[in-house]
Number of protein chains: 2
Amino acid sequence: MSKQQPKLRIIPLGGAGEIGKNMTVVEMDDDAIIIDTGVMFPSNDMLGVDLIIPDFRYLTERNKKLKIHGILYTHGHEDHTGAAPYVVDALRGVPLHATPLTAALLEVKLRDAHLLNETKINIFHPGDMLQIGPFKIESFHMTHSIPDCVGFGINTPYGMIIHSGDYKFDNTPIDGKKPDYAKLGELSQRGVLLLLGDSTNAERPGWTASEQVVVRGFDDIFRQAKERIIVATFASHISRIQMIADMAAKYKRKIAIAGHSMTENVKTARKIGLLNIPDEILVELNRINHILPSQLVIVATGSQGEPSAVLSRLANGQHRSLDVMAGDTIVVSAHTIPGNEEMVSRTINHLFQRGAEVIYDPIAPVHVSGHASQEEMKLLINLTNPRFFVPIHGELRHLKAHARLAALSGVAPKNIFVIENGMVLEADKNGVRPTNERVPGGYVFVDGSGVGDIGRAVIRDREVLARDGFLMVVVNVNPDSGKVIGEPEIITRGFVYLRDADDLIESIKRTVYDIMEQSRALRNGQRREKLQESLSRLLFNETKRRPMVFSVINEN
Amino acid sequence: MSKQQPKLRIIPLGGAGEIGKNMTVVEMDDDAIIIDTGVMFPSNDMLGVDLIIPDFRYLTERNKKLKIHGILYTHGHEDHTGAAPYVVDALRGVPLHATPLTAALLEVKLRDAHLLNETKINIFHPGDMLQIGPFKIESFHMTHSIPDCVGFGINTPYGMIIHSGDYKFDNTPIDGKKPDYAKLGELSQRGVLLLLGDSTNAERPGWTASEQVVVRGFDDIFRQAKERIIVATFASHISRIQMIADMAAKYKRKIAIAGHSMTENVKTARKIGLLNIPDEILVELNRINHILPSQLVIVATGSQGEPSAVLSRLANGQHRSLDVMAGDTIVVSAHTIPGNEEMVSRTINHLFQRGAEVIYDPIAPVHVSGHASQEEMKLLINLTNPRFFVPIHGELRHLKAHARLAALSGVAPKNIFVIENGMVLEADKNGVRPTNERVPGGYVFVDGSGVGDIGRAVIRDREVLARDGFLMVVVNVNPDSGKVIGEPEIITRGFVYLRDADDLIESIKRTVYDIMEQSRALRNGQRREKLQESLSRLLFNETKRRPMVFSVINEN
């Protein structure tokens, strides 16, 4: 390939359900950049798993040939930054590029992982042009639920590739920083080859409401609340926290911060000047007893009902220093992430039970989405007027819905590709097309301190254990006669209460004696198998459950 | 108490999250009736539990004094009928009273449980007056997502008690049978003491759309689909099935039924004439290969993404006789029950992956709720004009929202009570009031063939096993010297792959030898404890996980 006609490849890496969200690779011949390195949160059936990170084997395996010039970040949310320590650890020396807030959040992550010295974090500002290796990239500001959010325009010999980042078109954002329509228009005029667009809300008609709607919702709450106000939201939702701080100032309340990640993020964002809370209205959580309830607002973690975060600790009466007081107004100011509905609902119910007034969407407008709805998606498509369109950042159902919108907006249906993670898109002078090439596009479990050391088989065992528990019998036999010595020991968990199951224990013991007697001629391994099979059958017949059954036969 | 001033008590029994939904007791002195006997579905954290039924101990324990005259059913949904076999079994001889469809569905349940001869099912028709023991009860027809649905007006010396049942005000129902406004008006004129109202959609503004909206949605789909149409909905949603059958007739398609509960319900409803599908358009599932794809619609179970139902089997390619074919139009025509979001979304994604066109709410209007929204709730309150109001059938958050609506509609706030299951409401000539009396109002787990034999402790063990699995070591020691004989045996599941963990195995063995050596002077039980503690510590340090740890020390 000549330098004028390099081979251009776009590869979304890593996902569990969602596509093109956590990590994307863009290659020109053997030069590459990465956009975002996010984590995913395990679904309810990934038992015991703490986190999921993209499987980026492709990069480490191709690393010798592929020159990775940098990692660019669109914004500071976990699903776009959270895997940074793992990626930096694997790709030592590859520099990061991020806007000030994103860079500050990445710095905290890398410091915690003792990796801060392993790479360089370059700061750029929304609107800056970046030259990263042979890549000339234009950043443009987009509105979302965190400040300092950008999309990228990547110059290629075949036209511009636009990556939207996470976005909505909020024309009245809290911080006054609007979407960079002018830059989008300019890029559009230069000819857009391909738009990669955020599909999160592709099933939602209309236009996502501005954060200003939430301001009015909170103004009503602050005006009416007679006692404490407690607001739970995402720790990363700096714009929301700013709005609550402004509201506190307006209504002469002090503000306290509860929860580790919230405290850390507030500190980081205040330090770089992206969160403006005057010292005199900020109060330490351990000092709130000196403040009248009517003069206090607490911003807390736990809007997803996470058991260890502040809100559910309050709901369960398990917080170290905070308690729900009758008269508290508690606001859940967040969208419920799919899979968390039960936990959030239970938390709300428990807070009501403790005497709080609980306010949440749709009871009052206390949250708006950070993602574009259908009309905004059509606007982005028409603003950029791409030849090719690839919906990213969503489940397959969202990508399909986004693809329909693109077709409605005039992109030629044959130029719209719904892709999956690990699929390789190629571009040249003839345009963009999906190839048959697949690279690993899945995910890796992080469980405890282990990364990738448990897989599907361990999860399947956990499923069986979660459903019906296990039962184990330990039998001692005379090595010469094969006869059972003494009583078999029975250990079980998650199956039944053995102390209430005398008949069952008797049946188990009888089965052990019978099988051991019948199988005296067999080898130990065969006896074990036979014993386990017979016990499984017995337990299913008696209880209609299928616990895991183990046996140990001691011949000492 | 004189006969003129009996003691009136209302007690909601049994619930997990939802209140006043599955079973309600109404007592006048020692006479009682029961309204509904429903099951609940386990939440995601009730690991391995198949079903939850109300804890109705109160009835069996008070049974000798309390004369239970009958069980009345509002409609045939599982959450109102599913516990019938358990209740009939416990309260032998108490007769059931139900409308024709509900009675037919109850009959199937009792026959399956071999209990049909243990009680009598009395059939009444919506609008009938029932005399059950000393209770004079007026039934009135309400619209919902199943035909033959009623509410009850219970005459008492202190005024009428109205139980709404599950309802919406659908003025254009599919079967033409409208809500019985006239009867509600009549009851209202006679003076309503207390309204117990369905709170499910109390957070939803406006008026729930009529089932006719779904007719238009389906008409579009049937007009446009070129190949097969597969519709997943609730097996109990007879009105929806009727509508699809009508649509099939209109568009000259044959209809096939897939899934056990769907097949059973269709048979039952057709038999009693509440579902009208002509024989000539019904086709057996094993005969559909003889029908052109463009002339076929299949109605299937699995709208909640349940792993064993038809839709997710299709999504995973695991159905015995059906496969997704490219060109299929698959309609998910149901509301997603909270807690099932992940499963439903995954099913939709997989169906897309297999090449189907998938249609679901909000992509097209293919489902409407069967429950009243806020304006309908206000209408019911104003139609019946009750002195007292108690929201039922919802989580605490829904009851709170419904209570707010009642206050807005003019019920005196001091006459509105938000209750919990097991709480006793009392009524006399002074009105209704909650008492401090509590009866068991919780639930009982059904797991396998066991009813109530597993409790919280077993579930907690399952949680630990689900998170980190278990590890067990079996050590043989010389009973005289206390020295270890041979190698310890290590069994583990759901923790790590031992085969990839040589170092860890080595550390475990070393710990076993060390501890056994140090603890030779201790008794077996103490040695075991010490060994388990040391191993737990080792495993946490090495893996940051906390599997259950067991040990067996053989001294034979």
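In chain B, strand β21 (residues 423–428) and β22(B) pair in the antiparallel sense over five bridges; strands here are DSSP E runs of at least two residues and helices H or I runs of at least four, numbered from the N terminus, and two strands pair if DSSP finds at least two bridges between them. This is a predicted model, where local features need pLDDT of at least 70 and side-chain atom pairs count only at pLDDT 80 or more, while totals for chains, interfaces and linings use all residues. Residues are numbered from 1 along each chain as its sequence is written, with chains lettered from A and ligands numbered from 1 in the order in which they are written.

β21 and β22 belong to an open sheet of eight strands in chain B, ordered β8-β7-β6-β4-β3-β1-β21-β22 with mixed pairing. Its edge strands are β8 (121–123) and β22 (431–438) of chain B, each pairing on one side only.

Now turn to where the chains meet. The contact takes 57 residues from chain A and 57 residues from chain B, residues being in contact if their C-beta atoms, placed from the backbone, lie within 7 Å. On the side of chain A that touches chain B, α10(A) gives the largest share, eight residues.

The axes of α12(A) and helix α10 (residues 341–353) of chain B come within 8 Å and cross at roughly 60°; axes are lines fitted to C-alpha atoms, for helices over the stretch in contact, and angles run from 0 to 180 degrees between N-to-C directions. α12(A) is therefore oblique to α10(B), as angles under 35 degrees count as roughly parallel, over 145 as roughly antiparallel, 65 to 115 as roughly perpendicular and the rest as oblique. Here A:Leu396, A:Arg397 and A:Lys400 of α12(A) meet residues of α10(B) including B:Ile348 and B:Phe352.

Terms used
Contact = placed C-beta atoms within 7 Å.
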